[in-house]
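Please look over the sequence and the structure shown here, and then read the briefing below, which goes through a few selected places one topic at a time.

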Amino acid sequence: MKRAAIIGCGTIFQVHLPIIVANPEIELCAVCDNNPAVQEKLPAAAKAVPFYTDYEELLEKEHPDVVHLCLPHYLHVPVSEYFASHGVNVFCEKPVGLNTAQAKEFVEFEAAHPEVKIGICLQNRLNRTTVELKKIIDGGEYGKVIGCRGFVPWFRGKAYYDEQPWRGQLKTAGGGCMINQSVHTLDLLYYLCGDIDAIHGSVNQLADYGIEVEDTVAARLHFANGANGVFFATNCDYTNESVQIKVACEKASFLIEDDALFRIDADGVRTRLCENEKLPGAKFYFGASHGILIDKFYRAIENNTDDYIHVRDAEMSIRLIDAIHASSKAGHPVAP
C-alpha cells in the first residue's frame, strides 16, 4: 500500500480525493493547502487525516510515497521538483509548465531523476473514445489522416477569475483558455494525428474581464504527414458544451462528440463505436479518466514500469500553446 498526500485543496482536489479514497491500495495520509480556512469545508475523508499549510512540514512528518499536486500552474514545476528531489513520486495536474522553457527544464529534471516517477495528468488520452480512435488511426485500415479539428466551446465568467486571481495573470497561469481549459484538446490533436510542423494562430480577448490571459483562440495546424488541422477554443460561450474532435482519414472520418466516438462513412452514415464513462455532476466536462490514469500510475510505481504519462510526453502541449501565441504576434506561421 502506498501513502499518498494531496497538495492543494481547490477545484481539482475534489476529483482526486474520491479516487484515492476508493483505491484499497492507497492510503491517504495528509492534505495540504496554504489557506487554513479551507480545512473547515473539506469532505470527511480529508478531515480524517492531518492537515498542513506547509508542504515541507508535511514531507518531514508524513513521508508520503506519492504526492498529488492540485496547485495553481506556477507551482507545478517547483513543487514537483521539490518532492521528487526528496525521493517522493509525483502525480501532477496539467499543465507541465508555464511556458516552453519551463517545460523543457522539467523534462531535463525528470531525465536526471530516474529513481522517482513523475506522472502528468493528461487523462483524456485514456478516454475510451481516444483509446479506440488511436487504435483505428494507427491500424491504418481507413488510410492516412488527411485532416482534423478540435473545438472547445466553454464558458468562464468574470467571477471565475475574481475568485482565484492567479487564473487571469500570465506570471501565475501562463495563459488562459489554451493552457487552462483546452490543453487536453491540443494534446489529443498531436497525440492522434502526429507531429506538427507549423501553426498559424490568432489569440484574442473577447470578454471585458480586465485579465491578462486570452479567452479565445483559433489556429490552423500544418502536420508533418501533410494533414491540415483547425483548432478553436473559447471561454466566451454561454455554457460549457461538448468538446469536439474530428479526424478525417482517406476512407472515413471519426468524430468524438458528447463523449461518444462515431465513424462517418463516405455516404454520410454515422455509426456509434463507443462511449466514454461520464463524470456525474456539474464538472462533467472534466471527463472520467482521472481514475484510470491514477490507477495506472500507481501500478507503474508498484511494478516499476514506464507505463504512465511522463513529463516528456506532455511537453509538446506547451510548445503548441507557445507557438500559437508567437504566431499571433508575428502574423505568420511558426514552428512549435
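**A buried serine and some helix packing**

Ser 253 is buried, because its relative accessible area is 15%, and buried means under 20% relative accessible area, with exposed being over 50% and partly exposed in between, for a 1.4 Å probe and protein chains only. The model is a predicted one, in which local features need pLDDT of at least 70 and side-chain atom pairs count only at pLDDT 80 or more, while totals for chains, interfaces and linings use all residues. Residues are numbered from 1 along each chain as its sequence is written, and side-chain values use heavy atoms, with hydrogens and water left out.

**Around Ser 253**

- Ser 253 lies in strand 12, which covers residues 253-257; helices (H or I, at least four residues) and strands (E, at least two) are DSSP runs, numbered from the N terminus.
- Leaving aside residues up to four places away in sequence, Ser 253 touches Lys 246, Val 247, Ala 248, Phe 262, Arg 263 and Ile 264, where contact means heavy atoms within 4.5 Å.

- Helix 4 (residues 73-85) has 13 residues and reaches 19 Å from its first C-alpha to its last, close to the 18 Å expected at 1.5 Å a residue, a span defined as 1.5 Å times one less than the number of residues.
- Among the buried residues of helix 4 are His 73, His 76, Val 77 and Phe 83, and just after this helix Gly 87 takes a positive phi of about 85 degrees.
- Helix 3 (residues 55-62) packs with helix 4 at an angle of about 20 degrees, with their axes 11 Å apart; axes are lines fitted to C-alpha atoms, for helices over the stretch in contact, and angles run from 0 to 180 degrees between N-to-C directions.
- Helix 3 and helix 4 are therefore roughly parallel to each other, since angles under 35 degrees count as roughly parallel, over 145 as roughly antiparallel, 65 to 115 as roughly perpendicular and the rest as oblique.
- In this contact, Tyr 55, Glu 56 and Leu 59 of helix 3 meet Val 79, Tyr 82 and Phe 83 of helix 4.

**Helix 10 against helix 12**

- Helix 10 (residues 183-193) and helix 12 (residues 311-330) pack at an angle of about 110 degrees, and their axes are 9 Å apart.
- Helix 10 and helix 12 are therefore roughly perpendicular to each other.
- Val 183, Leu 186, Asp 187 and Tyr 190 in helix 10 meet residues of helix 12 that include Met 316, Leu 320 and Ile 324.
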